Amino acid sequence: MKSLFDDVSVQCSKLTTRAYSTSFSLGIYFLNSKLHNPIYSIYGFVRFADEIVDSFEGYKKKQLLEKFKIETYEAIENRISLNPILNSFQHVVHQYNIDLDLIDTFLKSMEMDLEKIDYTSEKYEQYILGSAEVVGLMCLSVFTEGNQESYESLKPYAMKLGAAFQKVNFLRDMKDDYRVLGRTYFPDIDMTNFSAHEKHKIEVEIADDFREALIGIKKLPSSSKGGVYLAYVYYNSLFKKIKNTPVQNILTQRIRISNGAKFGLMLNSMLQYKMNLL
């Protein structure tokens, strides 16, 4: 029966999520159980595309991503794929009526990572939209469970949260992005002379995104509010750690939060949630 294959497909997405992201897995755990598998499936799809452009050195990345893109749309059209990650994702696309434009925009941002780009403000915003904001909107489609009015009202906040997460990732991964992959996402910055002033300007932008995003988190359905708030707390804590890191260290180390500290943040955020502080 195909239901068994579908179950196996979701388990592959779940395994992918847990293998690649402890923090994201913790956030999913605190969603209502009915939302777990759809979010695992979205993460699996996004992660596989990201791995193609980030990790597959020595392989034909462009061809691999193009093949993945074709197979994504075939999976959605045919409602099945022998790629279990795409099979589980197509099911979520249909169940929650995820807009194909979101998927197309995301894949275009992955294509941007195949080339060395001098990021202008316009291209930076385009990349943030595709790599992060639309992913937040895919998840929002699941969280609002078909309520279009709720989706539209929460849309700008979900985009702000996705943008904040991605910009924090940019700062966290600046060493590897620049020195290993040869990428610089922030526009008009000379990485050979990255200054405290430039770092502060980026941090002000991120703080504004987080502030707006929290407004939307408070308006989420109870089924998703706790899990999204946990992700917010984790990334905001990582952001604070980055803010306290001297600019000269940003290009020499990857800023992390230990697994032990992550669990501490989890307990603290859940306590706040249970005390109705949201």
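**Exercise 1. State which secondary structure elements the protein chain holds and how its overall dimensions compare with those of a compact globule.**

Solution. The protein chain has 13 helices and zero strands. The model is a predicted one. Read from the N terminus, the order of elements is α-α-α-α-α-α-α-α-α-α-α-α-α.

Next, take the dimensions. The C-alpha trace spans about 60 × 50 × 35 Å along its principal axes. For 278 residues, a compact globule would have a radius of gyration near 19 Å; the protein chain has 18 Å, so the two agree.

Of the 278 residues, 51% are buried. Among contacts between residues at least 6 apart in sequence, 69% join residues at least 24 apart.

**Exercise 2. Determine how the buried residues of helix H1 are arranged around its axis, and what they pack against.**

Solution. Step one is the helix itself. H1 covers residues 2–20, which is 19 residues. From first C-alpha to last, H1 reaches 27 Å, close to the 27 Å expected at 1.5 Å a residue.

Step two is to list its buried residues: Ser9, Val10, Ser13, Thr16 and Thr17. Viewed down the axis of H1, these residues fall within an arc of 115°, so they line one face of the helix.

Step three is to find the partners of that face. The buried residues of H1 pack against helix H2 (22–29), helix H3 (33–55) and helix H5 (84–95).

Step four is to check the opposite side. The face turned away from the buried side carries the exposed residues Leu4, Leu15 and Ala19.

**Exercise 3. Identify the residues with the most contacts inside the largest nonpolar core, and trace the contacts of Ile42.**

Solution. In soluble globular proteins, nonpolar side chains tend to be buried together. Here the largest nonpolar core has 77 residues. The residues with the most contacts inside this core are Ile42, Phe45, Ile98, Ile103, Phe106 and Phe210.

Now follow Ile42, leaving aside neighbours within four places in sequence. Ile42 is in contact with Phe89, Val92, Ile98, Met138, Cys139 and Val142.

**Exercise 4. Classify the ring pairs Phe45–Phe89 and Phe170–Tyr185, and place each ring in the chain.**

Solution. A pair of aromatic rings is described by the distance of the centres and the angle of the planes. Rings pair if their centres lie within 6.5 Å, and planes under 30 degrees apart count as stacked. By this rule there are 18 aromatic pairs.

For Phe45 and Phe89, the ring centres are 3.9 Å apart and the planes lie at 5°, so the pair is stacked. Phe45 is in helix H3 and Phe89 in helix H5, 44 residues apart, and the pair links these distant parts of the chain. Phe45 is buried, because its relative accessibility is 0%. Phe89 is buried too, at 1%.

For Phe170 and Tyr185, the values are 4.2 Å centre to centre and 10° between the planes, and this pair is stacked as well. Phe170 lies in helix H8 (residues 148–172), while Tyr185 lies in the loop between helix H9 (174–179) and helix H10 (196–217), so the pair ties together parts 15 residues apart in sequence. Both Phe170 and Tyr185 are buried.

Ring pairs also join residues into a cluster: Phe165, Phe210, Tyr229, Tyr232, Tyr234, Tyr235 and Phe239.

Note on methods:
Residues are numbered from 1 along each chain as its sequence is written. This is a predicted model: local features need pLDDT of at least 70, side-chain atom pairs count only at pLDDT 80 or more; totals for chains, interfaces and linings use all residues. Side-chain values use heavy atoms; hydrogens and water are left out. Helices (H or I, at least four residues) and strands (E, at least two) are DSSP runs, numbered from the N terminus. The expected span of a helix is 1.5 Å times one less than its number of residues. Buried means under 20% relative accessible area, exposed over 50%, partly exposed in between (1.4 Å probe, protein chains only). The arc is that of the directions from the helix axis to the C-beta atoms. Contact means heavy atoms within 4.5 Å. A nonpolar core is a set of buried Ala, Val, Leu, Ile, Met, Phe, Trp, Tyr and Cys residues joined through side-chain atoms within 4.5 Å. Rings of Phe, Tyr and Trp (its six-membered ring) pair if their centres lie within 6.5 Å; planes under 30 degrees apart count as stacked, over 60 as edge-to-face and the rest as tilted. The radius of gyration is taken over C-alpha atoms; the globule rule is 2.2 Å times the number of residues to the power 0.38.
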